[in-house]
Amino acid sequence: MIDALQSTAADPEIAQPSLAAAGDQAFPTLNEVQIARIAAHGRARKVERGEVLVKAGARNAGFFVVVSGHLEIVRLSDGVETIIVAHKPGQISGELNVLSGRRAVFSIRAGEAGEVIELDHEQLLEIVQTDADLSEILMRAFLLRRARLVASGIGDVVLIGSIHSQETLRIQEFLTRNSHPYQYIDLDRDTGVQEMLDRFHIAVTEIPVVICRGEVVMRNPSNRDISDCLGFNDPIDQAQMHDTVIVGAGPSGLAAAVYAASEGLDVLVLESGAPGGQAGSSSRIENYLGFPSGISGQELTARAYAQTQKFGAHLMITKAATRLRCNTRQYIVETDDGAQIVARTVIIATGAEYRKLPLKNISQFENAGVYYSATFIESQLCAGEEVCVVGGGNAAGQAAVSLAQSARHVHILVRSGGLAETMSRYLIRRIEEDPRITVHTHTEIAALEGDDHLETVHLRSGDDDTKTERKGIRHVFVMTGANPSTRWLDGCVTLDDHGFIKTGSELSPEELSAARWPLARQPHLLETSRPGVFAVGDVRADNIKRVASAVGEGSIAVSFVHQALQE
């Protein structure tokens, strides 16, 4: 368990030395001037020993600064109460959930009589938006605390599953990509698991099982079931008109949300799965400006998500857009749960999905040997084994380099004659210099074999369709070309021949005429054939498939949103 999140005794004089080294930025101690600035936004409150200030699972939990006494952060798991940390005078409560307004992961109670300064959610947002000094301290503490909770598996969720279960992997990825801390108990490896199964009356055949806040038992829940239990989303007010609705929370959508919200617009973001898009599944991005040592897609996404919350954007998880209605004065985005969201402008950032291999049984092995991301979770599944990576782009190169750290050997399969035209040079050099990676040109997978899990792949090389090589490989990572996520648009905007959205000068006069473009001006850069509807990132025709480009497009689109709102 990481040092700053150890269980502690109730006495802070005994407990505090075990928390962290002096100067730990996850647990800062504010000075009198900083406390006074926070006090100006909130209210002083006397507390009694044992008084519960926040109950685990509460929405929009308060934020507290300890003036005297101490506060205990308490987790209740399996009927056992654990004090995660004790906050002394000058220290603050909270982590990322207090910023986003999601349900509190832990309870907060007074360890002794004292005084605190209490702020509600809106008052906290006011501070992080207007006070640069305090914003830096608080945001850093919130991010570090959440990272440690995730790394330590200390949270309000227990996942009981198996490494051989497709659905277990799905849930792991969903929780991980949403940066939500959880404890994982493997049916095949962990001792004492039967006792827990008996306690909650769970049959082995019912896994994976998610135990939410120690009280709600969900058998093989959908991602939406999990997000509802954990309180990821506030109810949608369908009577409210938003300045802009952003569909998709990849790098371009998150960038648009940050810039729009920071400039005072009312922003709602809809994400069908988890934030980050394809970039969120990248093991490491090393050519993104400002991160010379690289950054994982997961960490980049977590930071971007925290920024959207800092500026007050509303992000809805597992809310898929199913239709864009553009035959009314305002735009209406319909979601898969029947909601109708009214928007003055729309930013489409739904990205693209990796194409599936053209094999008849590909679905049988998805999350059971065939994967579309190469995060830490997948890398642990194939430790010590041979793996295949299909694709010749940067995502495939990053995956291969990362997987080579744990796999016995990595085979990169490309249909072309090499990597030079599709992959960054720094990745090619790493691949060439790593004896654990082999590039197979003019090679593709001809067939997959296995029962509950992939066991064998058949590789076809050259032009001879009848000649294949059979290899005992149980893990294949598919990172090939992508198809745009535009089916939900229902003909509302003009697409190119491949289904990507055409924008700006790419739209011909004939296409604008067919779309009945109503304005005297031409479409703005990134604007579609509908005024006030923009497309950014991988969903846009002729986009440059780089994270930096996607972020740039998302931020640029907001400047045109302002102009569209004035028309």
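This is a predicted model: local features need pLDDT of at least 70, side-chain atom pairs count only at pLDDT 80 or more; totals for chains, interfaces and linings use all residues.

Tutor: Nine of the twelve residues of H9 are buried, so the helix is largely enclosed by the rest of the structure; buried here means under 20% relative accessible area. The buried residues are Ser252, Gly253, Leu254, Ala255, Ala256, Ala257, Val258, Ala260 and Ala261. What do they pack against? The buried residues of H9 pack against strand E12 (241-247), strand E13 (267-271), helix H10 (297-310), strand E14 (314-317), strand E17 (340-348) and H15.

The length of the helix can be checked as well. H9 covers residues 251-262, and at 1.5 Å a residue its twelve residues should span 16 Å, which agrees with its end C-alpha atoms, since these are 16 Å apart. After H9 comes glycine 264, which has a positive phi, near 90°.

One of the partners of H9, helix H15, leads us to the interior of the model. The largest nonpolar core has 65 residues, and those with the most contacts inside it are Ile226, Val267, Ile347, Leu403, Val410 and Phe477. Helix H15, which covers residues 547-566, gives the most to this core, with six residues. As background, nonpolar side chains in soluble globular proteins tend to be buried together.

Strand E20 (residues 386-390) and strand E21 (residues 409-413) pair in the parallel sense over five bridges. They belong to an open sheet of five strands, in the order E19-E26-E20-E21-E22, with parallel pairing. Its edge strands are strand E19 (370-371) and strand E22 (437-440), each of which pairs on one side only.

For contrast, consider another open sheet, of three strands, which has the order E1-E7-E3 and antiparallel pairing. Strand E1 (43-47) and strand E3 (63-68) stand at its edges with a single partner strand each, so one side of each is left without a neighbour in the sheet. Neighbouring strands of this sheet are turned by 35° against each other on average, direction ignored. Five bridges join E3 to strand E7 (residues 114-119), and valine 65 stands opposite isoleucine 117 in E7. Helix H4 (residues 121-130) lies across E3 and E7, running at about 80° to E7.

Methods:
Residues are numbered from 1 along each chain as its sequence is written. Side-chain values use heavy atoms; hydrogens and water are left out. A nonpolar core is a set of buried Ala, Val, Leu, Ile, Met, Phe, Trp, Tyr and Cys residues joined through side-chain atoms within 4.5 Å. Buried means under 20% relative accessible area, exposed over 50%, partly exposed in between (1.4 Å probe, protein chains only). Helices (H or I, at least four residues) and strands (E, at least two) are DSSP runs, numbered from the N terminus. The expected span of a helix is 1.5 Å times one less than its number of residues. Contact means heavy atoms within 4.5 Å. Two strands pair if DSSP finds at least two bridges between them. Axes are lines fitted to C-alpha atoms, for helices over the stretch in contact, and angles run from 0 to 180 degrees between N-to-C directions.
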